[in-house]
Amino acid sequence: MPAAPRRPRLAAAAIEASAAPYLVPAQYATSAAIGSDGAESPILDDKESPTEKDKATRVKYGELVILGYNGFLPPGDRGRKRSKYVLYKRHDPNGVKRSKHYVVKTPHNSQAILDSQQHSISYTLSRNQAIIVEYMPDEETDMFQIGRSSESPIDFVVVDTVAGEKTGDSGKVVQSTISRFACRILAERANPSVARIYAAGFDSSRNIFLGEKATKWQEGRDIDGLTTNGILLMHPQGSFCGGDSEPGVWREVSVCGGIYSLRESRSAQKKGRAVSTLHVEEVTNVLQDGTLIDLCGATLLWRSAEGLEKSPTKDYLENLVDKLNAGRPVCPVGLNTLVIPRKSSYTGPDGSADKQQPYVYLNCGHVQGSHDWGHEKNSHSRTCPLCHKVGPVQKLCMGIEPAFYVDAGPPIFFAFNPCGHMATEKTVKYWASVMIPHGTNAFESFCPFCATPLEGFPGYIRLIFQDNVD
């Protein structure tokens with residue numbers, strides 16, 4: 001029997017129509033490096049954990065979580081390269097705001113560009129003309145920068161996400177499509193629930209350059225532009241944590257924070273229409289709990305501090321796994337007890353499988369152990385011994401990254417097809433409905449725990465265990 005068909009990818013048009021406290025990733029600093037504010041920012045020691053006093057005194061803006069990782073990067077979370085980043089209020093503000101702009105003939109020789117202490121954006125109009133926009137310190141905001149570069153101005157180093165199971169160096173790509181200085185977030189110190197995102201980040205000289213070929217435009221005395229591959233946003237409709245939200249519409253954010261409809265293709269020269277002219281509900285660059293940020297190669301999920309307080313914790317999810325295992329699910333063929341793993345397990349060097357590792361028949365949802373019953377010769381398909389449906393099987397593994405969950409239960413488990421990551425019903429159904437940008441102008445749904453594209457319809461299956469845990 002042929003494998004289940006891949007879910008169709010949708011084109012962009014179809015989608016459119018329908019310094020401390022520092023920014024630290026969940027653990028705290030013991031040594032320092034230079035951050036986007038030019039001051040010290042943390043390099044983390046995984047052996048050290050925060051005290052309750054530290055937690056109580058820190059003001060948390062929110063978290064950025066990379067889709068496609070089940071709680072950690074394959075080689076391990078280190079320093080600024082992690083699967084999850086926590087934004088905390090800084091001791092001293094490092095935000096900037098627009099101050100003045102002017103026209104120059106030689107932008108690379110202008111005083112603002114040469115001054116390493118001056119933040120500025122250069123918009124090149126022609127070989128002999130550019131507009132320089134200077135930025136001044138803003139005592140009311142904290143700035144955090146995201147990008148592929150490992151240079152000091154970047155707080156979060158993000159690399160391209162590779163779909164599927166990730167081990168060691170298997171997640172590396174030859175050529176990245178993520179900008180070295182992709183975007184920046186400015187959070188309001190007086191109102192920690194307000195964080196705004198802008199395309200492009202300031203480099204080591206505190207400059208942003210939009211070249212002659214970059215998409216840019218002037219409206220009155222203001223000038224704005226887009227980065228080469230763009231920074232796309234999707235705000236959820238409704239409360240993300242509660243299980244009742246639906247995916248919103250993907251838009252593009254500009255260098256100055258304007259919101260526009262998508263371009264015809266990812267790097268097209270012509271910008272989309274301003275949202276204010278589309279006669280739709282106003283959309284802004286203020287991040288909401290559950291906002292997705294696509295960097296063209298990796299997609300980030302923003303979880304607000306308030307939203308995370310309502311979300312399940314990792315301890316809660318591990319407790320669900322423990323309760324499931326306490327029910328002692330069994331394989332109906334081998335009659336052996338199955339144990340749900342909290343992270344991916346692998347076959348041994350001789351190719352043998354763990355007899356306690358559960359597998360799901362993706363066409364019916366029955367959970368069984370490893371056995372040879374119903375295996376079709378020269379095929380990856382198997383016949384389920386309980387219902388006799390023929391189809392592929394996959395290892396089960398718990399989705400343990402709590403930020404991806406939209407509810408806390410009840411513990412009726414579903415699994416994504418074809419990767420086998422388990423989660424609660426509403427969580428699986430929500431992510432199966434989210435179309436993530438892929439390539440130049442396509443979209444597809446994938447598992448948030450491993451980034452594997454979903455197959456078949458609806459892209460998931462309800463799990464049916466034997467004994468008293470169904």
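**Entry 1: strand S20 and its neighbours**

I began with leucine 64 and found that its bridge partner in S20 is tryptophan 302. Strands here are DSSP runs of E with at least two residues, helices are runs of H or I with at least four, and both are numbered from the N terminus. The model is a predicted one, where local features need pLDDT of at least 70, side-chain atom pairs count only at pLDDT 80 or more, and totals for chains, interfaces and linings use all residues. Residues are numbered from 1 along each chain as its sequence is written, and side-chain values use heavy atoms, with hydrogens and water left out.

I then looked up how S4 (residues 60–66) runs against S20: the two pair in the antiparallel sense over 5 bridges. Pairing of two strands takes at least two bridges found by DSSP.

On the S19 side (residues 292–294), I noted 3 bridges to S20, again antiparallel. Aspartate 294 stands opposite threonine 299 of S20. S19 and S20 make a hairpin with 4 residues between them, and cysteine 296 in the turn has a positive phi of about 65 degrees.

Is S20 enclosed or open? I found 6 of the 6 residues of S20 (299–304) buried, so the strand is largely enclosed by the rest of the structure. Buried means under 20% relative accessible area, exposed over 50% and partly exposed in between, with a 1.4 Å probe and protein chains only. In a regular strand, side chains alternate between the two faces of the sheet. For S20 I saw both faces covered, with Thr299, Leu301 and Arg303 buried on one side and Leu300, Trp302 and Ser304 buried on the other.

**Entry 2: aromatic rings**

I counted ring pairs of Phe, Tyr and Trp (six-membered ring for Trp) with centres within 6.5 Å; planes under 30 degrees apart are stacked, over 60 edge-to-face, the rest tilted. The count came to 12 aromatic pairs. One of them is tyrosine 61 with phenylalanine 144, edge-to-face at 6.0 Å and 65 degrees. Tyrosine 61 sits in S4 and phenylalanine 144 in S9 (residues 141–147), 83 residues apart. Both tyrosine 61 and phenylalanine 144 are buried.

Next I checked phenylalanine 240 and tryptophan 431: their centres are 6.4 Å apart and their planes at 70 degrees, so this pair is edge-to-face. Phenylalanine 240 is buried at 1% relative accessible area, and tryptophan 431 is buried at 2%. Both belong to one aromatic cluster, together with Phe404, Tyr405, Phe416, Tyr430 and Phe449.
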